[in-house]
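Here is a short tour of a two-chain model, meant to be read with the structure open beside the text. Take a moment to look it over, and then we can go through it piece by piece.

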Amino acid sequence: MEPLELKKISDISFDANLQKYNALKKAQSDLITVYNNHIFRADAHTICLTRTLAETHKEFYMLDTNDNPVSITDPQAFLATLIARNQSALNTYHQLHQTLKNKKV
Amino acid sequence: MRRGVLLYCFNTPETAYHRIANRCVQLIEQNLKLPITIVCDSSTLSQWQPRPNCDFVTIDEVDRTNTKLSKPWYNTERHLAYDHSPYDHTVVMDVDYFCFTDKLLRLMDTDYDFLIHKNAHDVTDRNTLKYNRESMLDLVWATVLIFRKTDRVKKIFDTVRLIKNNYQHFCKLYRISYSNFRNDYAFAIALNQLSGFVDFDSIPESIATVPADADILTVNNEGMTISSMDKQFTLQHQDLHVLNKEIADV
């Protein structure tokens, strides 16, 4: 491979990785949601725990992002909020990821 | 309960901070829709055009000896934010923090009386913001503070004032290698001391930070295009903290 071609490929990969890095950071930031006056991260862990607890409890306690206990009095509404936030963040990330995939060598 | 944003803006011989603040105000009006109070000196105030959504507090007794990145930097009055804020629930932010989202508004819908970021990341992915080897305590980022007026929060600001007045002592105590006054360290020390040298509540995300050596090519209502190391990229719909003060001219 010619050095110039190698540099070009390397530059394209660097650009794509930088954009992926920033898109992922943005997605992580977008996952932050507020419910019942507390901060949660609408990530897979929080969604799975909420779903699991909601199967057997009408009300339960969870920890917010600062490890403070929060009473979840309407699990279905909370779960809907988490899923909406999660999918909104990941849909944006997915769109950018698709663009990057097309750019990558 | 009255909510609002408090900004500190002091022009220096090298940087027209009011021009940076002007863009910051536009984005606050667009995305947070909160009233704004700007603390500045008379000479900076004379540069502002009247804005219906902004009130001004003028202070002229400002420490003008401090520097940051080898340039004059007068933003050392943040410890007075509790007294300067006319609001019950306040967001204090640097004028070079651009809110392209309403995220801070969401964070105000919580019971927390004081929130601050513990983490920031370099959007050029070069890890230029790692300061963990420069002191004995973890840095916080006083770029954005969200606080309510409570007795506990008053004590936080009183402690920051104590630290500011004895800054060299606290630098030695925490082995902080950067001896010029820095709000980030002052708040980190205050929170560390008041929380009994253990953990405290924070905003669970990292501030997207554009480093000082990155050029800002364009800015609009959605985001900005940045150039760094011959690479250009655009960041949109996320809040950004811009360290390159030449953004005043973009």
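Strand β12 (residues 223-228) of chain B is joined to β13(B) by six bridges, and the two run antiparallel. Helices (H or I, at least four residues) and strands (E, at least two) are DSSP runs, numbered from the N terminus, and two strands pair if DSSP finds at least two bridges between them. One bridge to look for links B:Ile226 to its partner B:Phe233 in β13(B).

These strands belong to an open sheet of three, ordered β11-β12-β13 (chain B) with antiparallel pairing. Because β11 (215-219) and β13 (231-236) of chain B stand at the edges with a single partner strand each, one side of each has no neighbour in the sheet. On average, neighbouring strands here are turned by 25 degrees against each other, direction ignored; the axes are lines fitted to C-alpha atoms, and angles run from 0 to 180 degrees between N-to-C directions.

## How the model is read

This is a predicted model, in which local features need pLDDT of at least 70 and side-chain atom pairs count only at pLDDT 80 or more, while totals for chains, interfaces and linings use all residues. Residues are numbered from 1 along each chain as its sequence is written, with chains lettered from A and ligands numbered from 1 in the order in which they are written.

## Strand β9 and its partners

Seven of the eight residues of β9(B) are buried, a term that asks for 20 or more other C-beta atoms, placed from the backbone, within 10 Å of a residue's own. Five bridges tie β6 (residues 89-93) of chain B to β9(B) in antiparallel fashion, with B:Thr90 partnered by B:Phe147. β8(B) also pairs with β9(B), in the antiparallel sense over four bridges, and there B:Leu115 has B:Ile146 as its bridge partner.

## Helix α7 and the cores

Just after the helix, B:Gly196 has a positive phi of about 75 degrees.

B:Phe187 is also among the residues with the most contacts inside the largest nonpolar core, which has 71 residues. Such a core is a set of buried Ala, Val, Leu, Ile, Met, Phe, Trp, Tyr and Cys residues joined through C-beta atoms within 7 Å. Another core, of 13 residues, lies apart from it and includes A:Leu31, A:Phe40, A:Ala42 and A:Ile72.

Chain A has three helices and four strands, running α-β-β-α-β-β-α from the N terminus. Its radius of gyration is 19 Å, well over the 13 Å that the globule rule gives for 105 residues, so chain A is more spread out than a compact globule; the radius is taken over C-alpha atoms, and the rule is 2.2 Å times the number of residues to the power 0.38. Of its 105 residues, 25% count as buried.

How many residues does each chain bring to the contact? Chain B gives 18 residues and chain A gives 18 residues, contact being C-beta atoms, placed from the backbone, within 7 Å. On the side of chain B that touches chain A, β10(B) gives the most, with four residues.

Terms used
A residue is buried if 20 or more other C-beta atoms lie within 10 Å of its own, exposed if 12 or fewer, and partly exposed in between; C-beta atoms are placed from the backbone. Two residues are in contact if their C-beta atoms, placed from the backbone, lie within 7 Å.
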